[in-house]
Amino acid sequence: MDESGRRFLDAAGQAAVVSIGHGVPEIGHAMAEQSAQIAFAHTSQFHSEPAEKLAARLLALAPANFRNGGRVYFTCGGSEATETAIKMVRQYHVETGQAERYRVISRRQSYHGSTLGAMTVSGNVARRAPYAPLIPEWGHIAPCFCWHCPFGKTFPECELACAEDLETFVREHQTETAAAFIFEPVVGATLGAAVPPEGYVARIAEICRKHDILLVADEVMTGMGRTGKPFAVQHWGVEPDIILVGKGVASGYVPLGGVLASARVVEAIEGGSGAFMHGFTYQAHPVCTAAGNAVLDYLEAHQLFERVDPAGKNLREALSRLESHPHVGDIRGIGLLLGVEFVKDKATREPFPKSENIAEKIRQAAMADGVLTYPMQGCVDGHRGDHILLAPPFTISEQECALVAEALTSALRRVLPS
Ligand SMILES: Cc1ncc(COP(=O)(O)O)c(C=O)c1O
């Protein structure tokens, strides 16, 4: 509700953050209770019960290689999680006698955060551009984006050329210095919920194993149930070495992120120097992790993980009425992470010129009808390509899905009359 009392339907979970809905009082109560006991204890000397508990619960939700001997490093958000992972993979290689490995390879058209290390691995052209002189180049491979395939190919005849790009890149660019590969299993903001085709994630994991490169799944947006499983990699049965969480881990109630380290990574550091050379004052904050536990309690008590798949299908079904619009190019995604791409020419998939600012205009028009969406530009080449992201709370009802579709239909009528 805004200051004038106007109510909005949050179809974007703000930025794919809010999973349990706004204004759930239990979360604040849990935070107050923790704060009344102890709000802060420095992790150089103390563990706290809520952080230990949340770590164990996240590891239990993760793939099998995290469950016995995995650990969690809590941060204050996604960018800090990416920074932590970059240092963690570096230390892993130092501890295992491969000190020459430091480069974290990533993909073009991806986003891993806004701090300098996170920008180094990000491939989002617009967000990197002003800071280019500050950012080292560790190597970016092709995105996995079937609707605008960077190779101009079609699945399955493409034989996963975008995954093979990692193999070629690693072979041709100082294999001995490659430390890790980081990727968003479903590319969120940058590509508007681009889901990889069958076999992609498994092939990427295979290439990483072959070259002794750690696999880091950035699940800051896709994790904690957003795609219908606790972590998106679980759709493809892949076990990364590290998983990043943020956003949904506390549903926006507090700033919280985390790095899930698998047993392999933990053992290397424990069996080596014994300590990860890293730290933030506010890591594993007792009040934030208490909020994380309360959010997870709520998700479990209301069986909200289980709601994502059917609710996502309802939303997708409601959006199908947009498909016939001449400027709706593609509706894609998985679970409650959906994207709608707007194109100038449906037959050629040609985007609108950037200056027309279509995604933002759609956002404004939908907001005028009381529905919040997340607009982005650049999915085609970093500059052109307009889409909105839909990532509502898992509580979204069938009626609310219909309202979202109605608001978008009306927004399209006003912004792009056909
Ligand atoms: C996939 C991904 N990684 C990392 C981040 C950075 O997280 P934060 O904004 O919490 O620092 C984001 C934020 O949008 C994201 O979508």
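1. The lining of the second largest cavity divides into 3 nonpolar, 6 polar and no charged residues. Here Ala, Val, Leu, Ile, Met, Phe, Trp, Tyr, Cys and Pro count as nonpolar, Asp, Glu, Lys and Arg as charged, and the others, Gly among them, as polar. Gln109, Asn124, Val125, Ala126, Thr190, Met376, Gln377, Gly378 and Gly382 form this lining. Helix H7 (125-128) and strand E12 (374-377) each give at least two residues to it. The space amounts to about 40 Å³.

2. On the basis of the numbers: this is a predicted model, in which local features need pLDDT of at least 70 and side-chain atom pairs count only at pLDDT 80 or more, while totals for chains, interfaces and linings use all residues. Residues are numbered from 1 along each chain as its sequence is written, and side-chain values use heavy atoms, with hydrogens and water left out. Helices (H or I, at least four residues) and strands (E, at least two) are DSSP runs, numbered from the N terminus.

3. The structure holds 2 cavities of 30 Å³ or more. A cavity is a set of points, on a 1 Å grid over the protein atoms alone, where a 1.4 Å probe fits but cannot get out; a pocket is an open set with protein on both sides within 12 Å along at least five of seven lines; lining residues have an atom within 4 Å of a point. Grid points are joined across faces, edges and corners, and a volume is the space filled by probe spheres set on the points.

4. The largest cavity has a volume of about 90 Å³. Its lining has 14 residues, with Phe145, Cys146, Cys149, Cys158 and Cys162 nearest the centre. By class, 12 are nonpolar, 1 is polar and 1 is charged.

5. The largest pocket has a volume of about 880 Å³. Of its 34 lining residues, His47, Arg71, Val72, Tyr73 and Gln283 are the closest to its centre. Helix H3 (49-61), strand E2 (71-75), strand E8 (257-261) and helix H10 (263-271) each supply at least two lining residues. H3 gives the largest share, 5 residues. The classes are 19 nonpolar, 12 polar and 3 charged.

6. The second largest pocket holds about 400 Å³ of space. It is lined by 14 residues, of which Arg7, Phe8, Leu9, Asp10 and His22 are the closest to its centre. Strand E1 (9-10) and helix H14 (398-415) are the elements that give two or more residues to this lining.

7. Now the ligand. Its shell is Gly77, Gly78, Ser79, Tyr111, His112, Gly113, Glu184, Asp218, Val220, Met221 and Lys247 (a heavy atom within 4 Å). These residues divide into 3 nonpolar, 5 polar and 3 charged. A polar side-chain atom of Ser79 lies 2.5 Å from a ligand oxygen. A polar backbone atom of Gly78 is 2.9 Å from an oxygen atom of the ligand. A polar backbone atom of Tyr111 is 3.5 Å from a ligand nitrogen. The protein covers 81% of the 390 Å² of accessible area that the ligand has on its own (Shrake-Rupley method, 1.4 Å probe).

8. An open sheet of 7 strands runs in the order E2-E8-E7-E6-E5-E3-E4, with mixed pairing (two strands pair if DSSP finds at least two bridges between them). E2 and strand E4 (140-141) are the edge strands, each pairing on one side only. E2 and E8 run antiparallel, joined by 5 bridges. Thr75 stands opposite Gly257 in E8.

How values were computed:
Polar contact = N/O pair within 3.5 Å; in protein donor to acceptor, adjacent residues only side chain to side chain.
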